[in-house]
Amino acid sequence: METENAQGPAAEPPPAAQAALAAELVRRAEEDQQLTRRARENPTALNRHFVTRCRAANADALRAAVARRGWPEAGQVGEPASTAALMILLHTADLGFQLTCRDLIAEAVADGGCPAVHHAYIADHCAVELGLPQFYGTRIDAGTLCPYPIRNPETVEERRQDVGLAPLAEHLPALRHVVSGIPDSGCPELATPWT
């Protein structure tokens with residue numbers, strides 16, 4: 001079986017190489033989570049530096065893997081490792097690389113190599129970073145705990161259902177409760193783009 005990478009066709013790596021890549025992606029994503037948690041609990045400049053350094057190294061490793069093998073599809077490295085690659089990609093500071101991978105992930109989803117929700121997250125991320133409305137409402141403004149603007153908000157719930165995301169009407173109150181620790185007060189009416 002052949003896969004496409006950013007530079008053209010590439011032979012699928014042997015199983016040992018896939019297993020090694022899978023382990024590396026999961027390890028890198030877990031390290032990012034641990035350092036991020038530590039930086040939230042103790043927000044020092046040094047802890048923020050460790051997060052920044054980890055994310056830059058993770059981005060370099062993912063960029064190299066994508067150049068060699070294409071996007072690490074769930075069918076090749078397993079869904080946990082493919083999800084870890086997505087998490088690394090979402091924390092990458094290189095929008096150009098994210099846009100390239102967004103397109104590779106879209107192809108992988110179309111071919112059945114990745115879950116559709118992976119494309120939903122990176123498509124929304126790229127749209128928001130480009131100052132455009134998102135499609136699925138996965139990007140939430142940390143200050144308001146409301147979604148960034150959504151394209152065609154009247155059909156967002158159908159799009160979310162199509163990719164396996166919970167309805168915003170269920171997701172947002174739960175998210176706000178987890179983040180704030182108090183019952184959901186909702187978004188201001190003007191900030192609720194899907195009603």
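**Close-up views of a predicted model**

View 1. Helix α2 is followed by Gly70, a residue whose phi is positive, near 85°. In this predicted model, α2 has 25 residues and reaches 36 Å from its first C-alpha to its last, close to the 36 Å expected at 1.5 Å a residue.

**View 2. Asn47 within helix α2.** Asn47 lies in helix α2, and with a relative accessibility of 8% it counts as buried, because buried means under 20% relative accessible area. When residues up to four places away in sequence are not counted, Asn47 touches Arg38, Ala39 and Asn42.

**View 3. Helix α5, its length and its buried face.** How far apart are the end C-alpha atoms of α5? Helix α5 runs over residues 95–110, and its 16 residues should span 22 Å at 1.5 Å a residue; the end C-alpha atoms are 22 Å apart, which agrees. Phe97, Gln98, Cys101, Leu104, Ile105 and Ala108 are the buried residues shown in α5. Seen down the axis of α5, these buried residues fall within an arc of 125°, so they line one face of the helix. An α-helix has 3.6 residues a turn, so residues three or four places apart point the same way.

View 4. At the start of α5, a side-chain oxygen of Asp94 reaches to within 3.1 Å of the backbone nitrogen of Gly96. Just after α5, at the other end, Gly112 takes a positive phi of about 85°.

**View 5. Helix α4 and what covers it.** The 12 residues of α4 should span 16 Å at 1.5 Å a residue, and the end C-alpha atoms of the helix are 16 Å apart, which agrees. In α4, the residues Ala81, Ser82, Ala84, Ala85, Leu86, Ile88, Leu89 and Leu90 are buried. What covers these buried residues includes α1, α2, α3 (74–77), α5 and α6.

**View 6. The largest pocket and its lining.** About 860 Å³ of space lies in the largest pocket. Which residues lie nearest the centre of this pocket? The pocket is lined by 24 residues, and of these Arg40, Met87, Leu90, His91 and Thr138 lie nearest its centre. At least two residues of the lining are supplied by each of α1 (15–41), α4, α6, β3 (140–141) and α8 (168–180), while the largest share, 5 residues, comes from α1.

**View 7. Arg139 in the loop between α6 and β3.** Arg139 lies in the loop between helix α6 and strand β3. Is Arg139 buried or exposed? With a relative accessible area of 19%, Arg139 is buried, since the cut-off for buried is under 20%. The side chain of Arg139 makes a polar contact with the side chain of His125 at 3.0 Å, and another polar contact, at 3.3 Å, links the side chain of Arg139 to that of Glu129. Leaving out residues up to four places away in sequence, Arg139 touches Asp124, His125, Val128, Glu129, Gln134, Pro147 and Tyr148.

**View 8. Arg151 in the loop between β4 and α7.** Arg151 is found in the loop between β4 (146–147) and α7 (156–163). Arg151 has a relative accessible area of 31%, and is therefore partly exposed. Arg151 and Leu132 are 19 residues apart in sequence, and their C-alpha atoms are 8.3 Å apart in space. Not counting residues up to four places away in sequence, Arg151 touches Leu132, Pro133, Gln134, Phe135 and Arg159.

**View 9. The protein chain from which the close-ups are taken.** The protein chain has 8 helices and 4 strands, which follow the pattern β-β-α-α-α-α-α-α-β-β-α-α when read along the sequence. Buried residues make up 42% of the 195 residues in the chain. Among contacts between residues at least 6 apart in sequence, 51% join residues at least 24 apart.

Definitions and conventions. Residues numbered from 1 in each chain as written. Predicted model: local features only at pLDDT ≥ 70, side-chain atom pairs only at ≥ 80, totals over all residues. Heavy atoms only, no water. Expected span 1.5 Å × (residues − 1). Buried < 20%, exposed > 50% of the residue type's maximum accessible area, 1.4 Å probe, protein only. Arc of directions from axis to C-beta. Polar contact = N/O pair within 3.5 Å; in protein donor to acceptor, adjacent residues only side chain to side chain. 1 Å grid on protein atoms, 1.4 Å probe; cavity = no way out; pocket = protein on both sides within 12 Å on 5 of 7 lines; lining within 4 Å. Points joined across faces, edges and corners; volume = space filled by probe spheres on them. Contact = heavy atoms within 4.5 Å.
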